[in-house]
Amino acid sequence: MKLKEIRTQSWGLALTNFYQCEKCLVVDSDGARMQVGYKCPICGYPTPEIGADTYFHVGISTIINTIQDIYFMENTKENNHKTMVALLFCTLNEVLLDNFLIEKMNSIKIPKNVQDRLLEDNLFISQRLNKVFPSLIGIKWDVAIKKINNKKCFDYSKFCKFALDITNRRNSFLHRGNKYAFQNNIPDKCIDSLHPLISMFVKLHNQFIHQHPKK
């Protein structure tokens with residue numbers, strides 16, 4: 001998906017067009033799930049009268065659409081708008097991680113107040129990756145990424161290194177005023193990474209939250 005060639009269509013809609021089965025929790029882009037009574041191809045559960053749940057909440061698509069709007073702005077002094085693309089990319093990555101963690105906690109029925117406390121006690125992305133994620137999933141983040149990695153589609157291990165680099169650059173820019181943090185076409189690389197970012201969290205969900213029917 002070459003997002004930089006898409007101007008009139010919403011990037012948020014194009015990237016977050018995923019639905020979730022209410023019973024087995026599988027996530028896919030099967031639009032037929034919106035039809036009442038449609039049976040999930042995985043578990044056979046019929047779509048309820050309210051229709052299938054969309055997987056990604058509106059905040060996620062809004063961030064993506066904001067990135068799109070900013071990316072296509074006319075050049076401003078020192079291309080400051082391109083810096084915002086990289087900053088929002090980091091925000092999107094963190095929101096997607098939070099969404100995954102909350103979905104996992106919901107799936108194992110952790111009470112809402114306990115969820116809130118767990119996230120409040122681990123505010124930084126490093127804490128949520130290195131402490132909260134393995135406590136919920138049972139394995140470390142890098143091991144989980146290796147389980148879903150598919151170099152024929154997206155090399156998620158390589159992508160995670162890129163995402164970590166962008167986060168470090170964001171911190172250097174915000175906390176140390178490093179005005180060179182986002183040079184070398186970093187904002188454009190962030191745009192090219194939006195699709196694999198979304199794909200990675202869908203894969204993580206289906207690997208660690210989707211309740212696979214017993215054979």
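**Briefing: sheet, helix pair and core**

In strand E2, Val-27 is the bridge partner of Gln-20. This model is predicted. Its largest nonpolar core has 59 residues.

- Three strands make an open sheet, ordered E2-E1-E3, with antiparallel pairing.
- Strands E2 (27-28) and E3 (53-54) are at the edges, and each has a single partner strand, so one side of each lacks a neighbour in the sheet.
- Strand E1 covers residues 19-20 and pairs with E2 in the antiparallel sense over two bridges.

**Helices H3 and H4**
- Helix H3 spans residues 80-107, and helix H4 spans residues 112-120.
- Their axes come within 11 Å and cross at roughly 145°.
- The crossing of H3 and H4 is right-handed.
- From H3, Leu-101, Ile-102, Met-105 and Asn-106 meet Gln-115, Leu-118 and Leu-119 of H4.
- By class, this H3–H4 contact has five nonpolar residues, two polar and no charged ones.

**The nonpolar core**
- Trp-11, Trp-141, Met-200 and Leu-204 have the most contacts inside the largest nonpolar core.
- Several helices each supply at least two residues of this core, among them H1 (11-15), H2 (58-71), H7 (156-176) and H9 (194-208).
- H3 gives the largest share of the core, 12 residues.
- Leaving aside neighbours within four places in sequence, Trp-141 is in contact with Leu-97, Leu-129, Phe-133, Cys-160, Met-200, Phe-201 and Leu-204.
- In soluble globular proteins, nonpolar side chains tend to be buried together.

Technical notes:
Residues are numbered from 1 along each chain as its sequence is written. This is a predicted model: local features need pLDDT of at least 70, side-chain atom pairs count only at pLDDT 80 or more; totals for chains, interfaces and linings use all residues. Side-chain values use heavy atoms; hydrogens and water are left out. Two strands pair if DSSP finds at least two bridges between them. Helices (H or I, at least four residues) and strands (E, at least two) are DSSP runs, numbered from the N terminus. Axes are lines fitted to C-alpha atoms, for helices over the stretch in contact, and angles run from 0 to 180 degrees between N-to-C directions. A crossing is left-handed if the near helix is turned anticlockwise from the far one by less than a right angle, and right-handed if clockwise. Contact means heavy atoms within 4.5 Å. Ala, Val, Leu, Ile, Met, Phe, Trp, Tyr, Cys and Pro count as nonpolar, Asp, Glu, Lys and Arg as charged, and the others, Gly among them, as polar. A nonpolar core is a set of buried Ala, Val, Leu, Ile, Met, Phe, Trp, Tyr and Cys residues joined through side-chain atoms within 4.5 Å. Buried means under 20% relative accessible area, exposed over 50%, partly exposed in between (1.4 Å probe, protein chains only).
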